[in-house]
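I opened the model today to look up a few residues and the contact between chains. My notes follow.

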Number of protein chains: 2
Amino acid sequence: MTGARPAPRRGRPGHDQTAVLRAAIELFNRQGYDATSMGDLAAELGLTKSAIYHHVPSKAHLLQEALDEALGHLSAVLDEARRDTGRTAYERLRSAVEGSVRVLVDHLPAVTLLLRVRGNSDAELEALRRRRRIDDELAELVAAAVAEGALRDDLPPDLISRLLFGTVNSLAEWVRPQGRYDAGELASAITAMAFDGLARR
Amino acid sequence: MTGARPAPRRGRPGHDQTAVLRAAIELFNRQGYDATSMGDLAAELGLTKSAIYHHVPSKAHLLQEALDEALGHLSAVLDEARRDTGRTAYERLRSAVEGSVRVLVDHLPAVTLLLRVRGNSDAELEALRRRRRIDDELAELVAAAVAEGALRDDLPPDLISRLLFGTVNSLAEWVRPQGRYDAGELASAITAMAFDGLARR
């Protein structure tokens with residue numbers, strides 16, 4: 001995505017498209033998408049407003065790119081879990097949970113932005129639709145794991161799905177890049193709690 | 001809190017302090033505290049701006065009241081769990097989780113506002129301090145339940161605490177007043193998943 005642009009010089013941020021996108025996501029998360037102007041973004045990067053438009057066509061385009069980043073990786077995790085029919089639904093569900101945790105940690109700013117989307121524009125409405133499709137597919141995977149007898153059947157599958165992925169998403173509230181726990185530790189801890197339970201057996 | 005004010009007339013919103021507070025919390029959640037003016041609030045209630053000031057001294061006062069509502073109820077749940085030393089730490093932790101779910105569902109708008117606080121004012125910073133104190137006390141309860149041998153000891157107690165109450169807080173993202181599941185069902189489902197696990201034993 002950065003093409004043949006030279007590496008940014010030390011002590012000043014890189015101004016290629018990737019750097020602009022990273023700075024935009026950070027600003028959108030800090031002060032809200034609606035409250036962020038292209039002027040704010042230019043100031044953040046130490047650029048003029050017209051220089052910003054050399055890199056990206058619009059603020060909406062940056063939002064779209066950010067949401068695509070998060071949704072693309074989440075969809076990939078789910079597609080893999082669904083395609084892998086050699087394993088039980090339960091095994092595939094555990095993988096989907098672990099994969100979702102990894103995407104959240106590895107793409108924390110973009111996923112945080114996605115989780116805050118409320119549907120105030122066409123791009124946001126489309127992101128909500130894609131998120132809902134992913135949620136529906138996860139709920140189907142949960143229902144399949146209940147149906148095969150691997151998961152408890154005294155809770156409605158759609159409620160299980162909401163609690164399970166609510167737990168994953170809640171990581172965005174406190175996990176920090178280079179924080180105390182890495183993605184693998186967080187993924188193991190969530191699956192241990194949710195599937196095996198915290199109570200000693 | 002509403003004193004001896006007459007009940008609001010049918011077909012038009014009540015304009016006593018409670019009604020103003022409820023409308024303010026709803027607006028703060030919908031469009032953000034910073035983006036909401038007392039003029040917006042007046043318009044929402046069909047009042048003049050000066051009539052609003054007859055009921056409440058300031059926007060900051062409304063935020064304070066809302067955060068106090070959420071924090072007061074959450075602290076009460078925790079105080080009860082801590083005082084009740086006739087039961088094991090594990091039993092008290094389960095009660096604290098269930099009680100937190102009930103507070104979240106019964107005071108959904110105020111708790112939602114609390115969960116979105118980022119520390120942009122003195123009232124918000126104080127709310128964050130109180131939230132942190134509650135989180136620390138919950139983490140101590142988790143550590144006590146691990147120490148007494150009731151909870152698995154292969155996960156750090158502070159991580160267990162974060163995941164557990166992250167799961168509770170994630171309800172605010174999708175639970176709706178008069179929704180499909182009541183507070184009791186949600187509390188049972190969360191404790192069943194988190195303590196006993198989703199996998200069939």
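**Entry 1: a glutamate in chain B**

I started with E26(B), which sits in helix α1 of chain B, residues 17-31. Helices here are DSSP runs of H or I, at least four residues long, and strands are runs of E, at least two long, both numbered from the N terminus. Before going on I noted that this is a predicted model, where local features need pLDDT of at least 70, side-chain atom pairs count only at pLDDT 80 or more, and totals for chains, interfaces and linings use all residues. Residues are numbered from 1 along each chain as its sequence is written, chains are lettered from A and ligands numbered from 1 in the order written, and side-chain values use heavy atoms, without hydrogens or water.

Buried, exposed or partly exposed: which is E26(B)? I read partly exposed, because its relative accessibility is 38%. (Buried is under 20% relative accessible area, exposed over 50%, partly exposed in between, with a 1.4 Å probe and protein chains only.) Its side chain makes a polar contact of 2.7 Å with that of R30(B). (A polar contact is a pair of N or O atoms within 3.5 Å; within protein, one must be able to donate a hydrogen and the other to accept it, and residues adjacent in sequence count only if both atoms are side-chain atoms.) I also checked E26(B) against D153(B): they are 127 residues apart in sequence and 42 Å apart in space, C-alpha to C-alpha.

**Entry 2: where the chains meet**

D153(B) came up again. R200(A) forms a salt bridge with D153(B), with the closest N and O atoms 3.2 Å apart. (A salt bridge is a side-chain nitrogen of Lys or Arg within 4 Å of a carboxyl oxygen of Asp or Glu.) I found six salt bridges between chain A and chain B. Polar contacts between the two chains come to 23 residue pairs, both residues at pLDDT 80 or more. On the chain A side, α6 (108-116), α8 and α9 (183-196) each supply at least two residues. Helix α8(A) gives the most, with nine residues.

The contact takes 38 residues from chain A and 38 from chain B. (Contact means heavy atoms within 4.5 Å.)

Next I looked at S170(A), in helix α8 of chain A, residues 157-170. S170(A) counts as buried because its relative accessible area is 8%. Leaving aside neighbours within four places in sequence, S170(A) touches G166(B), T167(B) and S170(B).
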